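Let's walk through a protein together, one step at a time. Please keep the sequence and the 3D view open as you read.

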Amino acid sequence: MGVNVSRETSMIYINTCPVCNNQSFTSKFAAVDYTVTGESFNIVSCDSCKFLFTNPRPADEVLGRYYKSEDYISHTDTSEGLINKLYKFVRKITLNSKLKLIKSFNGGKVLDIGSGTGAFVNHLKLAGLNVMGVEPDPDAREQAKKIYNIELSPEQHLLDMPDKSYSIITMWHVLEHVSHLNDRVAELFRLTKDDGTIIIAVPNHQSLDAQFYKQFWAAYDVPRHLYHFDKQSIKLLFEKHNLYLTQVLPMHFDAFYVSMLSEKYKGSAFGTLRAFFTGLKTFLFGGNENSSSLIYIFKKKTH
Ligand SMILES: [Zn+2]
């Protein structure tokens, strides 16, 4: 069923499931890169563990070009347009609820991986927390410096950090972008204190809004999202690395933003209104595990 579009960029085919190592997959559908290139990408499901991932996908060397868009940057920092206004409003609310969540665990050093332009790191700093941020994109690091006067570290600094350096590690909508998935999860285990906490937020393809929008669901965001997690697949992945799922929390507000973008991609008439009601439906009826994005809390197994 998958549509393959020929393109000059080099693509790599993943032949082993990153979660369970099984080697047979079923094509689910083709999703379109609406933000940058308009290219289509196949999403497959592992026949054994049902993990969904983008396959084939652009090779690491060319992935960067799929992030080159005014739209993608404005995602975080301009205030034009209703979608961006909504994004900023929701960001304020979510920053506060993230801070509250962090404070509910044992205090200590916090590491945020994939800090973008630094809004979350800044929020924790202002609240007096000891926090370090890592961001692979040099332009985003520069913005963080400019907007908040924060020094974020490049990604390779993770390798130099000593074992068990952090009480809390957070990745907010970042893990779905990381190409060496298993290496990164192993790194999370290494960097976390024995009684520490790892907090991972990712889109939830089993959410009500995902089921409603199907291939138009904005949070597939191919090919930038290499993986499309659900509770079962993320649990299995982390267990391989001795990290155990202790809690799943909803991120209700994402439904509005994701629905707005999805309506835009579908080209619907009265898209904003429809998005509002779809977002509201997920918000009200999404329950704890059917919300648009989920927060997974992991702890180390140390014996
Ligand atoms: Zn699998």
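Helices (H or I, at least four residues) and strands (E, at least two) are DSSP runs, numbered from the N terminus. Counted that way, the protein has eleven helices and twelve strands. Residue numbers start from 1 along each chain, following the sequence as it is written. This is a predicted model, in which local features need pLDDT of at least 70, side-chain atom pairs count only at pLDDT 80 or more, and totals for chains, interfaces and linings use all residues.

How confident is the predictor? Its confidence in each residue is called pLDDT and goes from 0 to 100. The mean pLDDT of the protein is 87, with 85% of the residues at 70 or more. Over residues 1-6, however, the pLDDT is below 50, and this stretch has ten contacts in the model beyond near neighbours in sequence. Here, two residues are in contact if their C-beta atoms, placed from the backbone, lie within 7 Å. Among contacts in the protein with a separation of 6 or more, 73% link residues 24 or more positions apart.

Next, let's look at the inside. A residue is buried if 20 or more other C-beta atoms lie within 10 Å of its own, exposed if 12 or fewer, and partly exposed in between, with C-beta atoms placed from the backbone. Of the 303 residues in the protein, 39% are buried. A nonpolar core is a set of buried Ala, Val, Leu, Ile, Met, Phe, Trp, Tyr and Cys residues joined through C-beta atoms within 7 Å. The largest nonpolar core has 65 residues, and those touching the most other members are Val110, Ile169, Ile198, Ile200 and Val202. Setting aside residues up to four places away in sequence, Val110 touches several others, including Ile102, Leu124, Tyr166 and Ser167.

Ser167 and Phe105 are 62 residues apart along the chain, while 8.7 Å separates their C-alpha atoms.

Now find helix H7 (residues 181-191), where Val185, Leu188 and Phe189 are buried. These residues cover an arc of only 100° around the axis, so they sit on the same side of H7; the arc is that of the directions from the helix axis to the C-beta atoms. Among the elements covering the buried residues of H7 are strand S9 (192-203), helix H9 (231-240) and strand S11 (243-251). In the loop between S8 and H7 you will find His180, which counts as exposed because it has 11 C-beta neighbours inside 10 Å. His180 and Asp60 are 120 residues apart in sequence and 9.6 Å apart in space, C-alpha to C-alpha.

How do the strands join up? Two strands pair if DSSP finds at least two bridges between them. S9 and S12 run antiparallel and are joined by seven bridges, with Ile297 in S12 as the bridge partner of Ile199. S12 also pairs with S11 in the antiparallel sense, over eight bridges, and here Val248 stands opposite Tyr296.

Elsewhere, four strands form an open sheet with antiparallel pairing, in the order S2-S3-S4-S10. Strand S2 (25-32) and strand S10 (227-228) are at the edges, each with a single partner strand, so one side of each has no neighbour in the sheet. Two antiparallel bridges link S4 (residues 52-54) to S10, and Leu52 has His228 as its bridge partner in S10.

Finally, some backbone details. Most residues other than glycine have a negative phi, and most peptide bonds are trans. Lys50 is not a glycine, yet its phi is positive, at about 70°. Lys50 is in the loop between strand S3 (40-46) and S4, and it counts as partly exposed because it has 15 C-beta neighbours inside 10 Å. Asp221, also not a glycine, has a positive phi of about 35°. Asp221 counts as buried because it has 24 C-beta neighbours inside 10 Å, and its place is in the loop between H8 and S10. Pro223 lies in the loop between helix H8 (208-213) and S10, and a cis peptide bond joins it to Val222, with omega about -5°. Another cis peptide bond joins Asn55 and Pro56, where omega is about 0°; Pro56 lies in the loop between S4 and strand S5 (57-58).

Methods
pLDDT = per-residue confidence, 0-100.
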